[in-house]
Amino acid sequence: MGAPVAFIDARSLIGCRHRLHLDAAFPGELAGVVEDPGVRQRREAAAAHRHRVRDALIAAAPDSWVVIDPAQPARARAEATMAACTAGAHHVWGALLPQEPDTGRRGGSEILMRDLDRGGYIPIIVVNHKVTDPRRPEPADFHPTTSDPFEWHPKPDPTRKLRQQPRDQQRLAHLYRMLQRHGLASPALIGGVIGYHLDRILIHDLGPLLDDYDRRYADRIAVVRGELPTIPSKVPECRQCPWWSRAAPGPITGGRQEAEPTGWVGNCADWLAEHRDVSLVAPGSRADVLRGHGVQTIDDLAGWTGEDPDDWQHGPFDEAVVTARAWLANAPLVRRVDRVWVKRADVEVDVDLESYQEYGAYLWGTLLDGQYRPFVTWDPLPTEDEGRSFAEFWTWLMQVRAEAAVAGKTFAAYCYSRTAEDKWLYESARRFAGQPGVPTVEQIRAFVDGPEWVDMFQAVSDQFICPGGKGLKKIAPVAGFAWRDPEAGGEASMSWYRLAVGYDGEPDMSQRTRLLEYNEDDVRATMVLREWMCPKQPAEHSADREVPGLADFTVRVGP
């Protein structure tokens, strides 16, 4: 009996090549591994979103839809999809295309929409993330093409700006190739995406994507078939990958790893550390560039001489070299500046929010003069009560600001990595507009664009090189802060929140306490970091005294 045929779907086109190899080569090794809670929650949320979109679209025009029964075996679903397309169905929900043993392709599309003008079908996928953002209409070189989801009429949309989502584009290209094989692809060469808000379909031009897709697909199917070697390399996906801490049977082969002894090899984390792999200090595409120049290890990068690589597009290259030297010296931070500075004020408020997926922000935590004050709703999101807690937070914050001004004092509010806070400030103002205490979008914009809203993440990024990462959980411990809960983190808080509000049973009061303590520790960590970076009074414990500067790494530092 020959080896089983290897198949991959579009999910395999984005992410770690080595994980793809391990999953294909050792499928039984992960049989008992519990799925990461954060991954499971996102998968369940995505399924619920698809169901909501399906029900809304079909209810609007039930006679134009053919729904493929998801309970059927895969072969029966593929046959039903092909039959619906052959019959000229206007819309097919839950389409599954026939597997291709020769190419290895498999996949399906939430929607296949018949192109009534040109013939064939346009794939439209439904995803649980945002694909566009609102913007004020203004002249621009490019406007994304969108359509009303209930009435197909694609046109440039000056009210939206595009969010880059390569995974969506790769999946649409994958589906186009599968439709093309059966003569079912629309000659329009387009595909659509319905995002988290069922407001528009984002239309992608697939023509410019196909060459990149074909190259990527050829590489990934060769990896799965064992025709190309892979090695571990640190990427963002590692945080939730079971292979990070789980060993695979058999040696890693290819390149400098062929000398590995036969038998059980270490997990990816141990392997990278043992080999001092360059991706530990230059993760993702940075490592790919460096390997193209013969830089395999941290030592190679630390010892770099000569001109900067001409294809390096990740900031000053000399800082990459310093990062490697700092790693070898076990230095968690390196100062870029002679004197570290953070904007300080007479009245300082630290702010941190907690949200649940895209459902909303349930907690705005604050710290003023050492006192923690949370503004929270425990009604399960989504809920109108979120508007009440947000209004109370904003009213309190603006009152503190106003009282400081009346007293002739300066004011500043601090967060760590403002992206999330800014997002939910704007989102909350839009969603709860008109409710008592809720600010306008213009008021939010005036505040976040002003000098009193200070992002400590930006202050860290501007003034430090961070070999171990820039997250608050990485940086605040250097300043002397420790979280009470060793499991504290964004992904863990998602599971705690489900228990706290009773999504799956009775609300767990202990998890509410856990979330509040986690949020309080985050704002206290931001305060401790600020005091350490820029103390108001001379201090023995400070970044200027404790963190080495760039000049300390102008010559190579040994291990």
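**Salt bridges, nonpolar cores and cavities in the predicted model**

Arg160 forms a salt bridge with Asp199, the closest N and O atoms being 3.8 Å apart, where a salt bridge is a side-chain nitrogen of Lys or Arg within 4 Å of a carboxyl oxygen of Asp or Glu. Because Arg160 belongs to strand β8 (residues 160-162) and Asp199 to the loop between β9 (190-194) and β10 (201-205), the pair ties together parts that are 39 residues apart in sequence; helices (H or I, at least four residues) and strands (E, at least two) are DSSP runs, numbered from the N terminus. Arg160 is buried, with a relative accessible area of 12%, whereas Asp199, at 32%, counts as partly exposed; buried means under 20% relative accessible area, exposed over 50%, and partly exposed in between (1.4 Å probe, protein chains only).

The model is a predicted one, in which local features need pLDDT of at least 70 and side-chain atom pairs count only at pLDDT 80 or more, while totals for chains, interfaces and linings use all residues. Residues are numbered from 1 along each chain as its sequence is written, and side-chain values use heavy atoms, with hydrogens and water left out.

The structure holds 40 salt bridges. Side chains of opposite charge can pair when their charged atoms come close. One of these bridges joins the side chains of Asp115 and Arg118 at 3.2 Å, N to O; Asp115 is buried, with a relative accessible area of 5%, but Arg118 is exposed, at 52%. Another joins Arg54 and Asp55 at 3.0 Å, N to O, and here Arg54 is partly exposed at 25% relative accessibility, as is Asp55 at 44%.

In soluble globular proteins, nonpolar side chains tend to be buried together. A nonpolar core is here a set of buried Ala, Val, Leu, Ile, Met, Phe, Trp, Tyr and Cys residues joined through side-chain atoms within 4.5 Å. The largest such core has 46 residues, of which Tyr362, Val460, Phe464, Leu529, Trp532 and Met533 touch the most other members. Several elements each supply at least two residues of this core, among them β13 (360-368), α13 (456-463) and α15 (490-501), and α16 gives the most, with 7 residues. When neighbours within four places in sequence are left aside, the contacts of Phe464 (heavy atoms within 4.5 Å) include Leu333, Val340, Trp532, Met533 and Val547. A second, separate core of 36 residues includes Ala6, Val92, Leu97 and Val193.

The lining of the largest cavity comprises 13 residues, of which Cys16, Arg19, Cys238, Cys241 and Cys268 lie nearest its centre. Helix α1 (residues 17-25) gives the most to this lining, with 3 residues.

Ser12 lies in the segment before α1 and is buried at 16% relative accessibility. Although Ser12 and Ile221 are 209 residues apart in sequence, they are 8.9 Å apart in space, C-alpha to C-alpha.

How values were computed: On a 1 Å grid over the protein atoms alone, a cavity is a set of points where a 1.4 Å probe fits but cannot get out, and a pocket is an open set with protein on both sides within 12 Å along at least five of seven lines; lining residues have an atom within 4 Å of a point.
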